[in-house]
Amino acid sequence: MRDKQIEDLKDYKYGFSTDIESIKAPKGLNEDVIKFISNIKKEPKWLLDWRLKAFERLKVLKEPDWQKPKYPKIDYQDLYYYSAPKSFKDKPKSLDELDPKLIETYQKLGIPLNEQKRLNGIAVDAVFDSVSVATTFKESLTKQGIIFCSISEAVQKHPELVKKYLGTVIPLTDHFFATLNSAVFTDGSFVYIPPGVRCPMELSTYFRINASDTGQFERTLIIADKGSYVSYLEGCTAPMRDENQLHAANVELIALDDAEIKYSTVQNWYPGDKDGKGGIYNFVTKRGLCKGKNSKISWTQVETGSAITWKYPSCILKGDNSIGEFYSIAITNNHQKADTGTKMIHLGKNTKSKIISKGISAGFSDMTYRGLVDISPNATNSNNFTQCDSLLMGNKCGAHTVPYIKNKNSDSNIAHEATTSKISEEQLHYCQQRGLNPEEAVGLIVNGFCKEVLQQLPMEFAVEAQKLVGISLEGSVG
Amino acid sequence: MLKINNLNAKIDKKSILQNFKLEINPGEVHAIMGPNGSGKSTLSNILSGKKGYDVTGEVLFENNDLFSLETEERAHKGIFLAFQYPLEIPGVNTNVFLKTSLNAIKKARGEKELDAIQFLKLVKEKAKELKFDEEKLGRQLNVGFSGGEKKKNEILQMSILKPKLSILDETDSGLDIDALKTVADGVNALRKNDNSFLIITHYQRLLEYIKPDFVHVLMNGKIIKSGGPELALELEKKGYENIN
Amino acid sequence: MEDQLKTDFEKNLRDFSYSDQEKKFKKNNFNVFLEQGFPNRKLENWKFSDLNQIIKNNIGELTFYNDYSKENQIDKIELINELEHNKLIIVDGKIEKIDFKFEDKDKIEVLAEQGEEIIKKNINSLINLNNAFSNKFCKIIIKKNYSLKKPLVVYHSTNKDTKFKNTNSRIDFKLEENACLKLIDIFKDNSEKNFINIYYNFELDKSSILKNYKIDRSINNNIKYSYNNIKQEANSVSETFILSSGSKFFKNEINCDLIGQHSSAFVNGIFDLDDENHHEIKSNINHLIENTKSYQLIKSVLEKKSKAVYQGKIFVSSEAQKTDGYQLSNAILLSENSEFNAKPELEIYADDVKCSHGSSSGSLDENSIFYLMSRGLNYKEAKKLLINGFLLDVIEKITDEEIKNLIKNLLGVKE
């Protein structure tokens with residue numbers, strides 16, 4: 001019985017694909033494709049110009065090669081940059097008009113979209129390949145002035161907000177993948193919390209890559225106006241496919257005076273099979289700007305999926321007294337590779353940041369924590385605390401810690417600690433003596449190792465993440 | 001010896017002490033009792049010269065304006081604070097620290113400084129009196145010391161530096177009964193006609209061993225009641241809420 | 001610069017009677033350097049210290065040819081008197097004197113003949129520059145079971161009128177089984193605005209012990225780079241201590257390959273910087289076999305506009321189970337314009353290891369200052385006592401008592 005369960009768990013349970021007809025832009029990356037995307041989304045001219053400007057810039061940018069995970073060259077002309085379910089050509093007005101196959105897909109993923117089965121206290125925006133298919137709880141949020149919709153819809157309905165903030169944290173010219181996203185982004189979520197409003201429920205986006213040969217380039221923009229609060233969750237899965245798929249998202253967060261944004265991710269993209277075939281390339285740019293004084297941005301991530309993960313959710317602490325936090329669990333198994341960490345840029349006075357990173361590598365995988373803490377000369381009385389711990393399982397995998405620490409202010413303090421260790425025989429023995437099998441014992445110990453980070457997740461997510469931590473390491477003991 | 005008049009103290013615009021008044025004469029032992037957050041530690045910090053408070057009012061120590069003196073000048077004049085949480089200072093040897101401190105004070109007073117041999121003799125003697133583990137004197141200051149050892153170390157410093165006014169900030173907290181007695185013995189041994197004590201504490205326990213001349217009750221930054229040693233017992237019985 | 005390099009290189013070849021093999025070696029190295037030039041910030045290793053820029057800003061154009069035809073006056077170099085020692089004197093990159101007067105002559109061999117050597121292309125171009133220009137080959141061999149009675153002091157000196165020059169010196173050392181060498185590097189700069197490039201190669205046979213103390217204390221405007229390449233067989237121990245202080249710019253790089261079981265490496269150091277000095281320590285400790293150990297401790301005290309960089313890397317290969325690796329850096333920033341950068345890096349491929357690193361930087365602890373002042377010390381005394389204590393634990397790591405005391409005196413640190 002137990003073996004059967006483990007056997008089941010070992011398989012990537014989100015690996016099914018949905019047989020649904022889709023509309024795609026022609027393969028390849030060129031001005032016409034960008035115009036196609038912009039046109040199908042009925043975008044205003046400024047946005048098309050903005051995309052084209054990004055594309056111009058992209059032509060001179062080089063794909064970065066400094067990161068540790070190396071990957072075969074991506075042929076950008078051999079990808080689809082837009083894919084949408086055919087029934088979406090005229091967007092359904094309500095959930096009743098939504099293709100039942102889509103509802104079923106999300107049902108299977110554990111994300112019920114229909115009215116009666118909705119998750120309590122979580123509003124969901126479901127993104128399928130390139131477009132947002134449904135947003136729940138919209139009405140009750142609207143009452144408080146909260147805008148939660150797809151970014152395409154926001155472009156139509158709230159162009160002033162989008163125009164004001166889009167690209168202010170991740171500029172057009174930033175780096176290759178971010179600029180690629182700016183040129184071809186398809187959909188994503190948009191959140192605006194008006195001044196003084198505490199968003200009453202968790203907002204959530206669920207990303208699903210379905211179509212093959214398709215890159216997903218979503219864009220998320222979250223603005224917390226003065227004195228507001230929002231907690232946002234992001235989940236991701238993809239079908240099992242032999243080829244590698246590219247996911248290059250941009251996420252921009254802006255917190256004004258006294259506002260707080262909490263952004264949590266559970267990333268479980270298809271990691272490829274045991275031999276490292278297939279899987280998602282997850283090259284994501286996430287950046288938050290603590291623009292106002294006393295603002296706070298907190299990133300929490302549980303990274304278990306993708307063939308290659310490469311992301312550094314960052315905080316620019318511009319406002320005085322602002323706070324940045326980064327809590328991360330990254331697990332790699334089999335042939336997965338992850339290079340992840342954060343940047344904390346202290347610009348304002350009395351700014352504080354905290355980094356807790358837990359890396360676990362097993363199998364033949366490779367894990368790198370890469371981080372930057374930079375306290376500028378003007379950031380008087382600021383401080384950072386960093387703790388990064390790595391756990392290795394077996395001697396075919398690697399764990400690396402590459403922190404960059406820059407302190408240019410004598411009234412500011414930086415403290416950094418890191419350890420690398422393995423699960424001790426004594427710990428395992430103790431657990432087994434108390435009746436746990438080795439897999440359970442490892443799960444227990446690893447969950448303990450990650451506890452500080454798991455605690456940061458909202459309840460519903462924490463349970464899911466805990467299971468995921470166990471599952472990701474199945475088969476790595478012995 | 002110490003005269004505090006209309007002392008007001010604020011930290012980050014939050015008022016902690018209001019119109020605080022207190023007078024301590026030579027040879028007297030005063031106890032200030034109060035619940036958590038009543039301003040006890042603020043008082044000891046201000047008297048010893050810790051920065052970060054906005055203060056108004058007047059504090060005279062032997063007719064010197066205390067606020068015009070730096071922290072170390074106050075120490076030179078004879079104010080000693082036994083810290084509630086004595087600091088750990090890695091790399092600094094306890095003996096070296098004590099000798100540097102003693103000689104700095106002696107120098108400021110125009111007294112002859114002690115050489116290494118004289119100093120070691122003195123410190124050994126005092127350590128013995130206080131049942132302080134001599135071996136610890138060779139270690140880094142307070143590093144790896146237990147809570148009780150740190151407090152004893154404060155009293156050891158006090159007995160070596162021979163201050164005129166000793167402020168004991170919750171010296172009893174975290175001490176077991178034997179350590180408490182040792183600390184009290186150390187204090188009692190120092191009691192003389194010309195030196196005074198200000199004992200800041202939450203509980204009456206310490207006062208069983210060090211008999212105060214006066215007891216003051218501090219609530220919300222003000223002394224709400226003063227009396228003799230019997231007040232401490234009354235407090236113990238009734239609790240802070242029912243004192244008026 | 002390229003023309004200057006080429007002319008100077010030709011002159012250098014002409015001056016010395018190199019063998020064909022040596023000529024080939026030098027030419028090949030020279031070509032690698034021409035191709036790569038001085039390291040700049042685009043290279044990960046030089047991210048915090050752009051040498052190309054630093055040379056441009058502080059020296060300008062360099063020349064690479066040193067005329068050794070005149071006899072250098074080595075008797076004018078101020079020697080240290082505190083301890084008896086053997087001497088090796090380098091002036092403008094040239095070894096002028098080797099004197100092992102305290103030792104048994106048959107226990108030490110000095111080779112002038114360079115064996116076949118593979119050109120390393122990927123370490124950094126400064127090694128190639130050194131190989132191309134350093135003049136006479138010198139390899140010092142300490143024979144089996146011999147411990148030097150007195151330390152060997154290497155004086156790095158320049159002539160008074162040497163300016164805008166690059167000087168290169170290289171020494172190879174081999175410690176045979178169970179041999180022991182204490183090596184002290186002392187910098188006696190008599191001139192300013194030069195780029196001094198030093199390259200040491202150490203082979204540590206079984207159970208041998210190397211102690212290398214690098215003392216850069218005299219204030220000067222030279223730019224310096226030193227590279228120690230250490231290869232360690234079983235049970236050998238290397239101890240490197242760096243007092244980085246006087247020069248305008250100094251980067252000390254230590255590469256240590258632990259290839260024998262139970263070998264261990266210690267790298268400790270102090271940055272005591274003032275004015276606009278910019279110093280760096282970069283270490284690569286490579287644990288390549290089971291049961292090896294490394295320990296690194298770096299302390300910085302930074303005044304005015306000074307800047308210290310510590311890049312410490314621990315690499316553990318998949319064979320290197322039971323590795324014990326530790327590194328810690330602490331910095332005190334005493335001025336609002338001082339700066340501390342660190343990149344403590346771990347790259348680990350074995351699971352049964354104990355590796356950790358820590359780094360902290362900030363101002364002097366105000367509470368400790370207050371505590372000391374409440375005991376009668378004034379601010380200056382309190383500060384000095386705290387810095388004293390801060391530095392003491394790294395000085396205590398020095399295993400040689402004589403040298404420990406020498407360094408304590410140099411820094412004015414008391415116990």
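Modeller: Happy to! Let us pick strand 11 of chain C, which covers residues 237-244 and is mostly covered, with seven of its eight residues buried. Please keep in mind as we go that this is a predicted model.

Let us look at the partners of the strand. On the one hand, strand 11 of chain C is joined by eight bridges to strand 9 of chain C (residues 209-216), and the two run parallel. You can find one such pairing on your screen: C:Lys214 has C:Ile242 in strand 11 of chain C as its bridge partner. On the other hand, eight bridges also link strand 11 of chain C with strand 13 of chain C (residues 264-273), again in a parallel arrangement.

Now zoom out to the domains. According to the domain assignment, chain C has domain 1 (2-362) and domain 2 (364-415). Between the C-alpha centres of domain 1 and domain 2 of chain C there are 28 Å. Where these two domains of chain C touch, 18 residues of domain 1 and 15 residues of domain 2 take part in the contact. Our strand has a place here too: strand 11 is among the elements giving two or more residues to the side of domain 1 of chain C that touches domain 2, along with strand 7 (180-188), strand 9, strand 13 and strand 15 (293-302) of chain C. The most comes from strand 13 of chain C, which gives four residues to that side of domain 1. Sorted by class, the side of domain 1 of chain C that touches domain 2 holds ten nonpolar, one polar and seven charged residues.

One more step back takes us to the nonpolar core. The largest nonpolar core has 282 residues, and the members that touch the most others are A:Val191, A:Leu253 and A:Ile261. From chain C, helix 6 (residues 379-395) is the element that gives the most to this core, with nine residues. Both domain 1 (2-362) and domain 2 (364-415) of chain C supply at least three residues each to this core.

Technical notes:
Residues numbered from 1 in each chain as written. Chains lettered and ligands numbered in written order. Predicted model: local features only at pLDDT ≥ 70, side-chain atom pairs only at ≥ 80, totals over all residues. Buried ≥ 20, exposed ≤ 12 C-beta atoms within 10 Å, placed from the backbone. Pairing = 2+ DSSP bridges. Domains from an automatic or database assignment. Contact = placed C-beta atoms within 7 Å. Nonpolar A, V, L, I, M, F, W, Y, C, P; charged D, E, K, R; others polar. Core = buried A, V, L, I, M, F, W, Y, C linked by C-beta atoms within 7 Å.
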